[in-house]
Amino acid sequence: MAFDIDMIKKVYEAMPSRIEAARKALGRPLTLSEKILFSHLHKDQKFENFERGKSYVDFAPDRVTMQDATAQMALLQFMQAGRPRVAVPSTVHCDHLITAKDNSKPDLERAIKVNQEVYDFLSSVTNKYGIGFWKPGAGIIHQVMLENYAFPGGMMIGTDSHTVNAGGLGMIAIGVGGADACDVMAGLPWELKWPKLIGIKLTGKLNGWCSAKDIILKVAGILTVKGGTDKIVEYFGEGAESLSCTGKGTIANMGAEIGATTSTFGYDASMARYLAATGRADVAALADKIKADLTGDPEVYADPAKYFDEVIEINLSELEPYVNGPFTPDLATPISQLKKVAAEKGWPMEVKAGLIGSCTNSSYEDISRAASLAKQAADKKVKAKAEFSITPGSQQVRYTIERDGFIGIFNKIGGNVFSNACGPCIGMWDRAGAEKKEKNTIIHSFNRNFAARQDGNPNTHAFVASPEIVTALAIAGDLGFNPLTDTLINEDGVAVKLDPPTGDELPTKGFSVDDPGFQAPAADGSSVEVKVSPTSDRLQLLAPFKAWEGTDLHGLKLLIRVKGKCTTDHISMAGPWLKYRGHLDNISNNMLIGAINSYNDTANKVKNQLTGAYDEVPKVQRAYKAENIGSIVIGDENYGEGSSREHAAMEPRHLGVRAVMVKSFARIHETNLKKQGMLALTFADKEDYNKIQEDDTVDIIGLTSFAPGVPLTVVFTHKDGSKDSIKANHSYNAQQIEWFKAGGALNIIRASVKA
């Protein structure tokens, strides 16, 4: 039986009437996305025909999910809220702090030893507040969610950008910062800008070497890393119905790489099969009763241009495998052109490592298809020329693939199985030789490939592909190898060709697991004590941020003008910094160290206006903070792209940055800045970015009359005394302005509890 079955029953009981009411009020058919959104409006939210991309709307999500790195700060904030127990079903998953180095067993043992303090904190805090706890080794949050909690038509938020993975089971699942999670866990409404809608019609059927991963790789090439910002992507058509549930999950997962709010699919037979296979036939039976409400209305899919803001059509029968990258997940190259393009671009042709798995591609189907290629290679006397690793998505998947012999098959060609954790995908990879910073190529089935993302080496050219293509190229050791047409020379000197991969959507003998790694919370956690040592360098209790002083801001210093791509990885790096995710002051020492200073084209080297010397970004900002001087950060397009990590907003806030002004924001980061009481501003004229000088002192005018839709004025006083007065737009509504005035949204929650 499923977790939280009573909650799911209540959702399904209420959905049909809410959907019908919305359909009648609007006088038109509804997309699936609209059905889920309208059926999850918060009870205090007035119904209206919300304007896509503009209206801020309050929702009531069904559940909250958190991974261990972001959960630390989210739960430290929740502890301040004064609530005795979470208001909605919530879980924490220990998947981010396990470093991939040797193989699964020693890596897990080492992680438990190194991170014991953090795991003990999470175990106790979840026990106290009624939160489910998935132990280290249980699996990656998104795979575990798909296997245990996701359900068609539900709404979930999670403190990880790839929460969207649950769209593969027909949910509206959205990545958020910890402050948003606190709101929902505290029983408060959750605010979201009503999204625009992209409809993607899939026709035909995948064949040969193509997989679901190739669909989203192609979509990323079409829409780019910001083409989905403030939009939901809804897939439909015969091609969508032909995909497995986990294949749909792969597509939804990597929708985060186009900036999409989320992606989703209508309920169909593949989802029912998956629910039954994962012990949730009861959920499938409930979903079958309201099946028409768990997909878009037929009129919508018959004339999609009338109901979606943008429509894309892809014929799966004509699709070929894609390889995306390097350094960005939207640089899409068909496999047939890769050799030519790589030679033209000067990309290193030797593939040093191939890595499959992660939250994006670690299903039984993914592993079985990759294993079919490994078996072929072993039978044809070919071993992998590149280092080859496998990261299972959950203990259930791992146990099942071991039972079915896949791990043994991978071992035959030199494959190494890491722990059921994020590992190399998020930079938790202790890769031998990475410190040499040599130019090299790796290929993986993960979702992101920003510079230095996987191994800390900015010269590693990381490419994203399906597990099948990754396996083939790891075997060949050559980026120019096209498995659809090319041959390999085996141990006997004979040319052999790999046949297209095969695999099972679900295990024919069913899933199996010894210990899934779940800890249920105490029925009454009131007596549970959560201990945080005052001398810990891993955990630090939070103090409330100060409220706005009630005046315009004067005398701010320019901290940095960022040039080009600036993801949350650039603002708050992962890898070795993950260990400080529960200690705001310590992790603030990585603030913006990956961002490129436009004045010297160098990372982590900015001018200290107090001394005239150049130093590391956090050190300069700490110098300003010591003198009670605020600062401003200037950024480029899509600032804050990537992970949902709210540390990228909390660190500047903690160190005294007062405003971030950019050409455009990624959705989650803009919200995180607002939640923490920061000013998130955009240039009314993007060319004004070029007027800002390195020694500028800055005033922000108009805050005493701060109002929705009314721009602010930012005055830059240059070293020679001249000034540039710049118009700054913002997207704050009345409630968000109150967050700013209070010093952060959490201060309002705390005040409401005391009241």
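**Contacts and burial in a predicted chain**

Colleague: What makes the pairing of the T246 and S244 side chains a polar contact?
Modeller: The side chains of T246 and S244 are joined at 3.4 Å. A polar contact is a pair of N or O atoms within 3.5 Å; within protein, one must be able to donate a hydrogen and the other to accept it, and residues adjacent in sequence count only if both atoms are side-chain atoms. The value of 3.4 Å lies within that limit, so the term applies.

Colleague: On what kind of model does this rest?
Modeller: This is a predicted model, in which local features need pLDDT of at least 70 and side-chain atom pairs count only at pLDDT 80 or more, while totals for chains, interfaces and linings use all residues. Residues are numbered from 1 along each chain as its sequence is written, and side-chain values use heavy atoms, with hydrogens and water left out.

Colleague: Why is T246 called buried?
Modeller: T246 is part of helix 10 (residues 245-253), and its relative accessible area is 8%. Buried means under 20% relative accessible area, exposed over 50% and partly exposed in between (1.4 Å probe, protein chains only). T246 therefore counts as buried. Setting aside residues up to four places away in sequence, T246 touches L146, Y274, S363 and E365, contact meaning heavy atoms within 4.5 Å.

Colleague: Which residues does K565 meet beyond its sequence neighbours?
Modeller: Outside four places in sequence, K565 is in contact with V225, F327, T328, F450, H570 and E641. The side chains of K565 and E641 form a polar contact of 3.1 Å.

Colleague: What makes N638 buried, and where does it lie?
Modeller: N638 has a relative accessible area of 6%, so it is classed as buried. Its place is in the loop between strand 27 (631-635) and helix 22 (647-655). Among the residues that N638 touches are V225, K226, T229 and C566.

Colleague: How do you know that helix 2 is mostly covered?
Modeller: In helix 2 (residues 32-39), 8 of its 8 residues are buried; E34, K35 and F38 are among them. Helix 7 (residues 178-185) is mostly covered as well, with 8 of its 8 residues buried, including D180, C182 and D183. G187 follows helix 7 and has a positive phi, near 85 degrees.

Colleague: How many helices and strands does the chain have?
Modeller: The chain has 25 helices and 32 strands, which are DSSP runs numbered from the N terminus (helices H or I, at least four residues; strands E, at least two).

Colleague: Why is the chain called as compact as a globular protein of its length?
Modeller: The radius of gyration, taken over C-alpha atoms, is compared with the globule rule, 2.2 Å times the number of residues to the power 0.38. The chain has 25 Å, close to the 27 Å that the rule gives for 755 residues, so the description holds. Buried residues make up 65% of the 755 residues. Of the contacts between residues at least 6 apart in sequence, 76% join residues at least 24 apart.
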